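I want to look up its cavity, its metal site, a disulfide and a sheet.

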Amino acid sequence: MPPSQWIRAQPAPVLIAALFAVLACHPAQSQAVRPETVAAGLENPWGVAFLPEGRFLVTERPGRMRVIAPGAKPSAPLAGVPPVAASGQGGLLDVLADSDFARNRTVYFCYSEPAASGGGNSTALARATLSADDSRLENLKVIFSQKPKVSSNLHFGCRIVESRTGGTVDGKLFLVLGERFSRKEDAQNLDNHHGKIVRINKDGSVPKDNPFVGRAGALPEIWSYGHRNAQGATLAPDGTLWMHEHGPQGGDEINLPKPGANYGWPVITYGENYGGGKIGEGITEKAGMQQPLHYWVPSIAPSGMAFLTSERYGKAWQGNLFVGSLKFGYLDRIELSAPFSGKVVSENKLLTEVGERIRDVKQGPDGLLYVLTDNSNGKLLRLLPGR
Ligand SMILES: [Ca+2]
């Protein structure tokens with residue numbers, strides 16, 4: 001009997017059962033990559049950096065940093081990591097290898113820094129050299145400390161991006177910061193580093209062309225302000241800084257921070273208070289405040305951000321933006337109206353079958369994507385092309 005005749009001959013319940021049987025054989029294909037476990041057993045890993053010869057440097061939020069060599073288990077914790085305020089969202093957070101690491105063995109990392117006395121903490125950015133045997137950090141120097149320190153274990157922000165101008169490194173770093181939750185009004189004031197993106201030279205000095213250098217009452221490290229809590233940032237190949245930030249309940253945003261610009265928090269937002277209720281006047285736009293490139297309602301709780309520049313997954317993915325979701329446990333592949341630029345055209349969920357909080361995403365030197373899953377048995381995953 002031809003299929004069309006068979007279908008007409010069946011009662012409705014049989015057709016419905018047949019439909020479900022077909023669907024069961026062809027589940028929704030969310031997986032367009034094959035995750036391969038590079039390392040497991042990491043406790044709340046937060047940031048991953050790439051070292052020569054296929055090695056990785058990974059932070060664990062409780063305050064440890066480890067090297068992962070090809071085919072080996074994660075190393076013992078590196079010596080020389082400073083004390084961190086490991087509580088709530090705080091701890092040892094992002095890490096970055098200098099673009100000239102092969103020559104200078106320099107790494108940068110950010111963390112929640114306890115006050116020397118009197119309590120409180122804030123986000124700090126440190127520079128160190130990794131010892132020749134990969135066992136310890138040496139020549140540690142804190143090159144930036146967020147001011148002021150406050151008593152809070154929330155909203156440390158903390159992604160480090162090496163700046164480039166005209167495609168080449170220019171000796172500067174961006175650091176994205178949170179507003180510490182309890183101090184959200186600070187995000188609109190330039191006399192503090194809460195809810196700011198800062199730009200510094202690699203030695204900790206302030207670039208002379210920062211937007212608020214010389215303005216009375218403004219801290220000179222500030223690049224942009226009015227941010228809430230940023231846990232993802234990256235550079236487009238043209239040198240433009242892209243970042244995202246957590247909204248409150250709803251209203252996570254992607255922004256392209258311009259020097260001196262105000263991104264609106266907490267005056268404008270597409271979110272609301274936890275449990276409902278408007279924030280401030282409950283408005284979403286205001287003169288003098290930037291609109292986001294994109295926002296998420298409901299929140300996905302984004303963490304990690306990377307552009308794919310390689311062709312390892314085919315031409316269509318080149319120039320896509322990748323963002324981890326903590327809340328829903330997937331990797332968001334974001335198609336833009338043009339590679340590395342324009343508006344968000346579509347979003348595609350990857351790694352839903354892994355079902356874990358995605359804390360970081362980076363493109364490796366091999367052109368493949370790598371992600372960290374954030375839990376007590378966190379993993380570093382390499383994403384292989386194909387189903
Ligand atoms: Ca905003």
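Entry 1, the cavity. I take a cavity to be a set of grid points where a 1.4 Å probe fits but cannot get out. Its volume is the space filled by probe spheres set on those points. I note that the model I am reading is a predicted one. How many cavities of 30 Å³ or more does the structure hold? I find one. I read a volume of about 70 Å³ for the largest cavity. I then listed the residues that line the largest cavity, among them Gly226, Arg228, His246, Gly247, Trp265 and Thr269. Glu253 and Tyr263 are also in that lining.

I looked up Gly247 and found it in the loop between strand E14 (241–246) and E15. Is Gly247 buried or exposed? Its relative accessible area is 6%, and buried means under 20%, so I call Gly247 buried. I also checked Gly247 against Trp265: they are 18 residues apart in sequence and 8.9 Å apart in space, C-alpha to C-alpha.

Which residues coordinate the calcium ion? I find Glu253 giving two OE atoms and Tyr263 giving its O, at 2.3 to 2.6 Å. Glu253 sits in strand E15 (residues 252–255), while Tyr263 is in the loop between E15 and strand E16 (294–296), so the pair ties together parts that are 10 residues apart in sequence. I noted both Glu253 and Tyr263 as buried.

I count one disulfide. Cys110 and Cys158 form it, with their sulfur atoms 2.2 Å apart. Where do the two cysteines lie? Cys110 is in strand E6 (residues 106–114), and Cys158 is in the loop between strand E8 (137–145) and E9. The link joins distant parts of the chain, 48 residues apart. I find Cys110 and Cys158 both buried.

I traced an open sheet of four strands, in the order E9-E10-E11-E12, with antiparallel pairing.

How values were computed: Residues are numbered from 1 along each chain as its sequence is written. This is a predicted model: local features need pLDDT of at least 70, side-chain atom pairs count only at pLDDT 80 or more; totals for chains, interfaces and linings use all residues. Side-chain values use heavy atoms; hydrogens and water are left out. Donors are N, O and S atoms within 2.8 Å of the metal (3.2 Å for Na, K and Ca); water is not among the atoms, so sites may look incomplete. Buried means under 20% relative accessible area, exposed over 50%, partly exposed in between (1.4 Å probe, protein chains only). Two strands pair if DSSP finds at least two bridges between them. A disulfide is a pair of cysteine sulfur atoms within 2.5 Å. On a 1 Å grid over the protein atoms alone, a cavity is a set of points where a 1.4 Å probe fits but cannot get out, and a pocket is an open set with protein on both sides within 12 Å along at least five of seven lines; lining residues have an atom within 4 Å of a point.
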